[in-house]
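Here is a short briefing to read alongside the model. Please keep the viewer open as you go through the points.

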Amino acid sequence: MDRSGLYLLGERTLVVQFPAPATIGCQQRIWWMAQRLRRHGYDDIVPGMNNLTVFFNPQLEDGPRLCSKLKRLWRSAKEYSFKVREVVIPVHYGGEAGPDLEVVARHAAMTPAEVVTAHSKAIYTVFFLGFQPGFAYLGGLPNHLATPRLAVPRLTVPAGSVGIGGEQTGIYPTASPGGWQLIGRTELCMFDPGRKRPSLLLPGDRVRFTPVGGHNA
């Protein structure tokens, strides 16, 4: 299955796992599979980064048969086509908003200003939502900005915080514990359950960060 793997996670959960690295092409095929499965009555589906989790009723569906179905579906999968949205996120970098900006700068052997420039010039793609409602995992972080997560996570990360965790960047929609390196913060509301579309970002969106108010590192 294109070097991918299939395995049962309990009696009613099947996971399709694809090898690293994550690519937008692989993600688009995962989104295509998810859409096709929903059309065939599978409502509980979770697209992840390089994986797809399918929940099924073992009284109505045989696990091995579902495995075979997913293998056939992947072989015919196409890259999911859709109108790409571009979302611009204004960010206050450094200072209280980004207490780890200097840590990232030292790790990358750059100045804080160079980190801000590199981070804000890149164009990112939302690979999937996870961890908490509206938390978008963004692919496209420049390699030299990749920074390990904190050894000890913070008990509280403010809503809107922009962080770097390994090879990804993302935005905390609500206050929560977290271990990513915080480099800035946005005032945009990333998740509002009262909105028609609660999450500001959706899989496939293209994201750009733009510095506002200078930075205080």
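Two strands count as paired if DSSP finds at least two bridges between them. Helices (H or I, at least four residues) and strands (E, at least two) are DSSP runs, numbered from the N terminus. This is a predicted model, in which local features need pLDDT of at least 70 and side-chain atom pairs count only at pLDDT 80 or more, while totals for chains, interfaces and linings use all residues. Residues are numbered from 1 along each chain as its sequence is written, and side-chain values use heavy atoms, leaving out hydrogens and water.

**The four-stranded sheet**

- Four strands make an open, antiparallel sheet, in the order β1-β2-β4-β3.
- β1 (5-8) and β3 (45-48) are the edge strands, each with a single partner, so one side of each has no neighbour in the sheet.
- From one strand to the next, the twist averages 15°.
- β1 and β2 (residues 13-17) run antiparallel and are joined by four bridges; Leu 6 has Val 16 of β2 as its bridge partner.

**Helices on the sheet**

- α2 lies across β1, β2 and β4 and runs at about 30° to β2; axes are lines fitted to C-alpha atoms, for helices over the stretch in contact, and angles run from 0 to 180 degrees between N-to-C directions.
- The axes of α1 (residues 24-39) and α2 (residues 63-76) come within 10 Å and cross at roughly 125°.
- The two helices α1 and α2 are therefore oblique to each other (under 35 degrees is roughly parallel, over 145 roughly antiparallel, 65 to 115 roughly perpendicular, and the rest oblique).
- In their contact (heavy atoms within 4.5 Å), α1 contributes residues including Trp 32 and Met 33, and α2 residues including Leu 70 and Trp 74.

- Helix α3 (residues 101-108) packs against helix α4 (residues 112-121) at about 90°, with the axes 8 Å apart.
- That makes the α3 and α4 pair roughly perpendicular.
- Leu 101, Glu 102, Val 104 and Ala 105 of α3 meet Pro 112, Val 115 and Val 116 of α4.

**Aromatic pairs**

- How many aromatic pairs does the structure hold? There are eight, counting rings of Phe, Tyr and Trp (its six-membered ring) with centres within 6.5 Å; planes under 30 degrees apart are stacked, over 60 edge-to-face and the rest tilted.
- Tyr 124 and Phe 209 form an edge-to-face pair, 5.4 Å centre to centre with 70° between the planes.
- This pair links distant parts of the chain, with Tyr 124 in β6 (residues 124-129) and Phe 209 in β13 (residues 206-215), 85 residues apart.
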